[in-house]
Amino acid sequence: MARSASKKGHGGIRRYGRHMPRFRPTARLILLDPADRVLLFSAEDPRSRVWFTPGGGVHRGESLEAAAVRELAEETGHVRAEADIGPLVATCAGLWATEDGFTFLGADAFFLVRVAEARVDTDGQEALERSVITGHRWWTAGELRATGDRIVPAGLSDLVDRLVSDGVPAAPVRLAWR
């Protein structure tokens with residue numbers, strides 16, 4: 001019995017099952033075009049269509065800024081140096097689970113990036129991204145408020161309004177989790 005208990009006692013899935021949250025920091029991008037529209041990608045989930053900001057997970061040993069630069073290039077085709085990525089303007093965190101029962105503690109960091117033109121090149125997206133993302137669109141804050149589709153993060157329309165009218169906040173804004 002002790003031998004069996006010690007095998008199960010060594011961390012991860014064997015000890016806690018799929019319910020022990022795994023930490024997953026992400027670098028997300030609030031990409032604004034010259035008309036102050038924000039770029040969002042779409043996906044279908046069981047409840048509805050969901051629209052979300054470009055970005056993704058931070059690799060081990062990678063800074064948030066480096067992840068933001070990498071995700072920007074992969075998902076949108078826009079290339080920037082880390083020094084030019086833009087300021088951290090918002091954060092949010094919370095738990096989420098995959099369909100197969102794995103739980104994550106997500107910690108999203110949102111960087112503001114202004115682009116000179118509303119173009120998107122998705123050729124650099126990874127296979128998983130291509131399998132999930134169903135489209136993209138540039139949205140005004142008003143359109144975000146008016147849509148019946150789900151927008152992630154919650155409060156994005158107000159944040160875009162604030163960034164456009166007041167500029168970068170003195171400290172990152174804390175957004176509600178999904």
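**Briefing: a helix, a buried glutamate and a pocket**

Just after helix α6, G167 takes a positive phi of about 85°. The model is predicted.

**Helix α6**
- Helix α6 covers residues 156–166.
- Its buried residues are L156, S157, L159, V160 and L163.
- These residues sit on the same side of α6, because they cover an arc of only 165° around the axis.
- The face turned away from that buried side carries exposed residues: D158, S165 and D166.
- G167, with its positive phi, comes just after this helix.

**Residue E71**
- E71 lies in helix α3, which spans residues 64–76.
- Is E71 buried or exposed? E71 counts as buried, because its relative accessibility is 4% and the cut-off for buried is under 20%.
- Leaving out residues up to four places away in sequence, E71 touches A27, L29, G55, G56, G57, T76 and E129.

**The largest pocket**
- The largest pocket holds about 1,300 Å³ of space.
- How many residues line the largest pocket? The lining has 38 residues.
- Nearest the pocket's centre lie R24, F52, W96, V132 and R178.
- Strand β1, residues 22–32, gives the largest share of the lining, with 5 residues.
- By type, the lining divides into 16 nonpolar, 8 polar and 14 charged residues.

Note on methods: Residues are numbered from 1 along each chain as its sequence is written. This is a predicted model: local features need pLDDT of at least 70, side-chain atom pairs count only at pLDDT 80 or more; totals for chains, interfaces and linings use all residues. Side-chain values use heavy atoms; hydrogens and water are left out. Helices (H or I, at least four residues) and strands (E, at least two) are DSSP runs, numbered from the N terminus. Buried means under 20% relative accessible area, exposed over 50%, partly exposed in between (1.4 Å probe, protein chains only). Contact means heavy atoms within 4.5 Å. On a 1 Å grid over the protein atoms alone, a cavity is a set of points where a 1.4 Å probe fits but cannot get out, and a pocket is an open set with protein on both sides within 12 Å along at least five of seven lines; lining residues have an atom within 4 Å of a point. Grid points are joined across faces, edges and corners, and a volume is the space filled by probe spheres set on the points. Ala, Val, Leu, Ile, Met, Phe, Trp, Tyr, Cys and Pro count as nonpolar, Asp, Glu, Lys and Arg as charged, and the others, Gly among them, as polar. The arc is that of the directions from the helix axis to the C-beta atoms.
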